[in-house]
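I opened the model today to look up a few places in the fold and to write down what I found. The entries follow the order in which I looked.

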Amino acid sequence: MRITVAGSSCSVPRIDRACSAYLIEDGDFAFSLDFGTGAFANIRRYVDYDKLDAVVISHMHADHFLDLIPLRYAIRYGSKKRKSRLPLWMPPGGIGMLRAMTAVFHGEGNGDFLDEAFDIWEFDPDQPLPLGEGRLRFAPTTHFITSFAIRYERNGASITYSADTAPDERVVELARGTDLFLCEATLLAGEAEQGGVRGHSSSKEAAKMAADAGVKRLVLTHYSQDATAADLQDGARTIYKGEIEIADDHTIITVG
């Protein structure tokens, strides 16, 4: 498996960087976990829209799905023609939210704005989802809206993506023993979330989840322009003793 970071920023993009998106290439099958602001252009460097096999969205915050809009325009009007609509897997309730948002685009083509380009489904977080030759499993996270961590596994190799979450034992359990843990590290050292409601993690908290889950490799992602080495790698190393990497757009990681 090859994982390409197409977007490593939190909700406010770092300069010249995109928001959450992770391209997974497993043999001839390619899919993206999330499709955040600005990520589509990055993904096109590696797998263009006519070759993409699926997109899976973790939750309905704009920095995790907004580039579905330019992706739709590419599929509908781009010079590279797909043989079929692109499978798009949304979280429970996500289809209604996406349709409500895109309902403002009137007169776009002859059919439904989304259905012209996508074959849209909602995943059941309580059930494994076959994808390519592997499968996805899900776990709810602690976030401000309903969100799901996602694990992709095939033939014993696995990748687990935290999505957005404060420390959560359900995410730890999903990530247990995984080869690669892509975990958000939004909060700076000592930063408290507004109103006392939790929805994100610091690098130390990400490292604690990684250590508790016994993951083989930790990649910290979803961070702001204000994050320093002390906020990210240095902080995580005090907790997690395995291999740590800081995600950046176009970082490529192999598993298996």
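**Entry 1**

I began with H250, which I found in the loop between β13 (243-246) and β14; helices (H or I, at least four residues) and strands (E, at least two) are DSSP runs, numbered from the N terminus. This is a predicted model, in which local features need pLDDT of at least 70 and side-chain atom pairs count only at pLDDT 80 or more, while totals for chains, interfaces and linings use all residues. Residues are numbered from 1 along each chain as its sequence is written, and side-chain values use heavy atoms, with hydrogens and water left out.

I read a phi near 80° for H250, a positive value in a residue other than glycine. With 24% relative accessibility, H250 counts as partly exposed; buried means under 20% relative accessible area, exposed over 50%, and partly exposed in between (1.4 Å probe, protein chains only). I then looked at N155, in the loop between β9 (148-154) and β10 (157-161), where phi is near 50°, again positive in a residue other than glycine. N155 is exposed, with a relative accessible area of 71%.

**Entry 1: the sheet**

Which strand order does the open sheet have? I noted seven strands in the order β6-β5-β4-β3-β2-β1-β14, with mixed pairing, where two strands pair if DSSP finds at least two bridges between them. β6 (118-122) and β14 (252-254) stand at the edges with a single partner strand each, so one side of each is left without a neighbour in the sheet. Neighbouring strands of this sheet are turned by 20° against each other on average, direction ignored; axes are lines fitted to C-alpha atoms, for helices over the stretch in contact, and angles run from 0 to 180 degrees between N-to-C directions.

I followed some of the pairings one by one. β2 (residues 21-26) and β3 (residues 29-33) pair in the antiparallel sense over five bridges, and I24 has F31 in β3 as its bridge partner. β4 (residues 54-56) and β5 run parallel and are joined by two bridges, with L88 of β5 as the bridge partner of V55. β5 and β6 also run parallel, joined by five bridges, and P87 has D119 in β6 as its bridge partner. Four of the five residues of β5 are buried, so this strand is largely enclosed by the rest of the structure. Helix α4 (residues 94-102) lies across β5 (86-90) and β6, running at about 135° to β6.

**Entry 2: the cores**

A nonpolar core is a set of buried Ala, Val, Leu, Ile, Met, Phe, Trp, Tyr and Cys residues joined through side-chain atoms within 4.5 Å. In the largest one, of 31 residues, L68 and L71 touch the most other members. β2, α1 (39-44), α3 (68-77), β5, α4 and β6 each supply at least two residues of this core, and the largest share, five residues, comes from α3. I listed the contacts of L68 (heavy atoms within 4.5 Å): leaving out residues up to four places away in sequence, L68 touches F35, V55, I57, L88, M90, L98 and F118. A second, separate core of 29 residues includes V5, F123, L131 and A163.

Is T221 buried or exposed? At 1% relative accessibility T221 counts as buried, and it lies in strand β12 (residues 217-221). The side chains of T221 and Y22 are joined by a polar contact of 2.7 Å; such a contact is a pair of N or O atoms within 3.5 Å, and within protein one must be able to donate a hydrogen and the other to accept it, while residues adjacent in sequence count only if both atoms are side-chain atoms.

C10, in the loop between β1 (2-7) and β2, is also buried, at 7% relative accessibility. Not counting residues up to four places away in sequence, C10 touches C19, D63, T186, H222, Y223 and S224.

**Entry 3: aromatic pairs**

Rings of Phe, Tyr and Trp (its six-membered ring) pair if their centres lie within 6.5 Å; planes under 30 degrees apart count as stacked, over 60 as edge-to-face and the rest as tilted. By this rule I count 11 aromatic pairs. F35 and F40 form a tilted pair, 5.8 Å centre to centre with 40° between the planes, and both are buried. The rings of F123 and F138 have centres 4.0 Å apart and planes at 5°, so this pair is stacked.
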